[in-house]
Amino acid sequence: MRIDVVTIFPEYLEPLRHALLGKAIEKGILQVGVHNLRAWTHDVHQAVDDSPYGGGPGMVMKPGVWGPALDDVAAHTGPAADAVDLTSSTPHRITPTKADGGMGQGDAGGVEKKDKKKPLLVVPTPAGKPFTQDMAERWSAEDHLVFACGRYEGIDQRVFEDAQERYRVEEVSIGDYVLIGGEVAVLVMAEAVVRLIPGVLGNQASHQEDSFQDGLLEGPSYTKPRSWRGLDVPEVLFSGNHGKVAQWRREQSLERTLRNRPDLIEELERRGDMSEADRTYLQSASEPDA
Ligand code: 6GU
């Protein structure tokens, strides 16, 4: 996968070089380009914004700057071709796997790309559709994601109308609060997406049990020691009975979801994904102790 980010604060995207994402870059699974929007300005002041038509507070980012920037990033031309891709912050030890022949899964094997799809242009904005795990999963199968980070009061809307020629465009929000710009939201979304690309996480099974994977939150986890500060690990985890452990984990998930995200329990019921055993357990969990 290739990710390009267009921003007036390229240094904000530095964390993309670290940890899991850095490792994915090193393995050749991920390429990241960060582009300074000011490379596409025409004036000595490198102005990227102007006052809003119709009045009101703040500034709006100029279409004459964003248009050519997005053209160049899609085509890998102009200043977008000059930018060097991010390199991993530190060399990581790469464990060769059977799946990638130890070469990473990038373009290894010279496999021809399928249908040339338009790249996906993601516009981080509090006015967008909510970002979800479902979205992260769909995006993890994309060849090319481009993030357009707006600041101030946003970007002239015509930029996104026009960009439909070259991109599939999605306006996306990471939650019901307002950030100063899209950069931090890009870090959030990129991390959620990249960890789902095959070969990025060490343990391929590890996202089968993520929160949201089955519409429920993940339950609690425990490790050694068995007793710590007078608190004991639940007995069932030592039973060696996988069925009983799975049942207990399901119940812990249901209980935590009911407590922290009752909306998800309603959604599970609506989708018909709640078993009779689930319902019985939730009944008993929501009754006050005798
Ligand atoms: Cl994606 N961007 C900005 N600027 N603010 C936000 C957001 C995104 N999601 C919530 N608030």
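Trainee: What relative accessible area does Tyr12 have?

Mentor: In this predicted model Tyr12 has a relative accessible area of 35%, and because buried means under 20%, exposed over 50% and partly exposed in between, with a 1.4 Å probe and protein chains only, Tyr12 counts as partly exposed. Residues are numbered from 1 along each chain as its sequence is written, and side-chain values use heavy atoms, without hydrogens or water. As this is a predicted model, local features need pLDDT of at least 70 and side-chain atom pairs 80 or more, while totals for chains, interfaces and linings use all residues.

Trainee: How many aromatic pairs turn up in the whole structure?

Mentor: A search of the whole structure gives three aromatic pairs. One of them joins Phe9 and Tyr12, with 5.9 Å from centre to centre and 50° between the planes, which makes this pair tilted. Rings of Phe, Tyr and Trp (its six-membered ring) pair if their centres lie within 6.5 Å, and planes under 30 degrees apart count as stacked, over 60 as edge-to-face and the rest as tilted. Phe9 itself is partly exposed, at 27% relative accessibility.

Trainee: And which ring does Phe131 pair with, at 5.3 Å centre to centre?

Mentor: Phe131 pairs with Trp139 at that distance, and with 45° between the planes this pair is also described as tilted. Phe131 counts as buried because its relative accessibility is 17%, and Trp139 is buried as well, with a value of 1%. Ring pairs also bring in Phe147, so that Phe131, Trp139 and Phe147 are linked into a cluster.

Trainee: Switching to charges, how many salt bridges are there?

Mentor: The search of the whole structure finds 17 salt bridges, each being a side-chain nitrogen of Lys or Arg within 4 Å of a carboxyl oxygen of Asp or Glu. In one of them Glu142 meets Arg168, and the closest N and O atoms are 2.7 Å apart. That pair connects distant parts of the chain, 26 residues apart, since Glu142 sits in the loop between helix 4 (133–139) and strand 6 (144–148) and Arg168 sits in strand 7. Helices (H or I, at least four residues) and strands (E, at least two) are DSSP runs, numbered from the N terminus.

Trainee: Are those two buried or exposed?

Mentor: Glu142 counts as buried, at 13% relative accessibility, whereas Arg168 is partly exposed at 25%.

Trainee: Which residue does Arg158 bridge to?

Mentor: Arg158 forms a salt bridge with Asp156, where the closest N and O atoms are 2.7 Å apart, and Asp156 is buried, with a relative accessible area of 14%. In another bridge the side chains of Arg226 and Glu235 meet at 3.0 Å, N to O; there Arg226 is partly exposed at 45%, and Glu235 is exposed at 56%.

Trainee: Which residues are linked in a network of salt bridges?

Mentor: Arg2, Asp4 and Asp85 are linked in that way.
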